[in-house]
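Here is a friendly walk through one protein model, written for someone who likes to know the cut-offs behind each term. Please have a look at the fold before reading on.

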Amino acid sequence: MGVEYNKVLISDLKYRWGSCTLKGTLNFNWRLIKAPMFVIDYVIVHELAHLMESNHTAQFWNIIEAQLPGSRKAKDWLKEHGAILEESF
Ligand SMILES: [Zn+2]
């Protein structure tokens, strides 16, 4: 995507799948390991896109769609099944 990040952390995030700081640190919720690959890809692309566009503007979603056509499916998956990932099993 042509962006540079500082570091990547996999951690125990509460109530979110990923985040991105102004210093370019990307955080991912370890529970994503239980999600399908296309969903993991979406969360990664989402956080990388925040390095270009910090807010969820139309431009932001255009970047996502250009990088990952059909990303809607991943968003819907998280909405529908995200709670399952929160369960510990
Ligand atoms: Zn976001």
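Helices (H or I, at least four residues) and strands (E, at least two) are DSSP runs, numbered from the N terminus. This is a predicted model, in which local features need pLDDT of at least 70 and side-chain atom pairs count only at pLDDT 80 or more, while totals for chains, interfaces and linings use all residues. Residues are numbered from 1 along each chain as its sequence is written, and side-chain values use heavy atoms, with hydrogens and water left out.

Let us begin with a loop. Asp12 sits between S1 and S2, and its C-alpha lies 9.3 Å from that of Asn27, 15 residues away in sequence. The loop between strand S1 (7-11) and S2 also holds Tyr15. This residue has a positive phi of about 65 degrees although it is not a glycine. For context, most residues other than glycine have a negative phi.

| Residue | Relative accessible area | Class |
|---|---|---|
| Asp12 | 42% | partly exposed |
| Tyr15 | 80% | exposed |
| Leu48 | 15% | buried |
| Gln59 | 43% | partly exposed |
| Phe60 | 0% | buried |
| Trp61 | 27% | partly exposed |

Leu48 belongs to helix H1, and its C-alpha is separated by 16 Å from that of Ala58, 10 residues apart along the chain. Gln59 is placed in helix H2. Between the C-alpha atoms of Gln59 and Ile10, 49 residues apart along the chain, the separation is 27 Å.

Now for the rings. Rings of Phe, Tyr and Trp (its six-membered ring) pair if their centres lie within 6.5 Å; planes under 30 degrees apart count as stacked, over 60 as edge-to-face and the rest as tilted. Searching the whole structure gives 1 aromatic pair. Its partners are Phe60 and Trp61, arranged edge-to-face at 4.9 Å centre to centre with 85 degrees between the planes.

Which lysine lies over the face of Trp61? Lys75 does, at 3.8 Å from the ring centre, and Lys73 lies over the face of Phe38 at 5.0 Å from the ring centre. A charge sits over a ring if NZ of Lys or CZ of Arg is within 6 Å of the ring centre and within 35 degrees of the ring normal.

Next comes the interior. A nonpolar core is a set of buried Ala, Val, Leu, Ile, Met, Phe, Trp, Tyr and Cys residues joined through side-chain atoms within 4.5 Å. The largest such core has 20 residues, of which Leu32, Ala35, Tyr42, Val43 and Leu78 touch the most other members. Strand S3 (25-29), H1, helix H2 (58-67) and H3 each give two or more residues to this core, and the largest share, 7 residues, is that of H1.

Finally, the largest pocket. On a 1 Å grid over the protein atoms alone, a pocket is an open set of points where a 1.4 Å probe fits, with protein on both sides within 12 Å along at least five of seven lines; lining residues have an atom within 4 Å of a point. Grid points are joined across faces, edges and corners, and a volume is the space filled by probe spheres set on the points. The largest pocket holds about 480 Å³ of space. Its lining numbers 19 residues, with Gly18, His46, Glu47, His50 and His56 the closest to its centre.

Methods
Buried means under 20% relative accessible area, exposed over 50%, partly exposed in between (1.4 Å probe, protein chains only).
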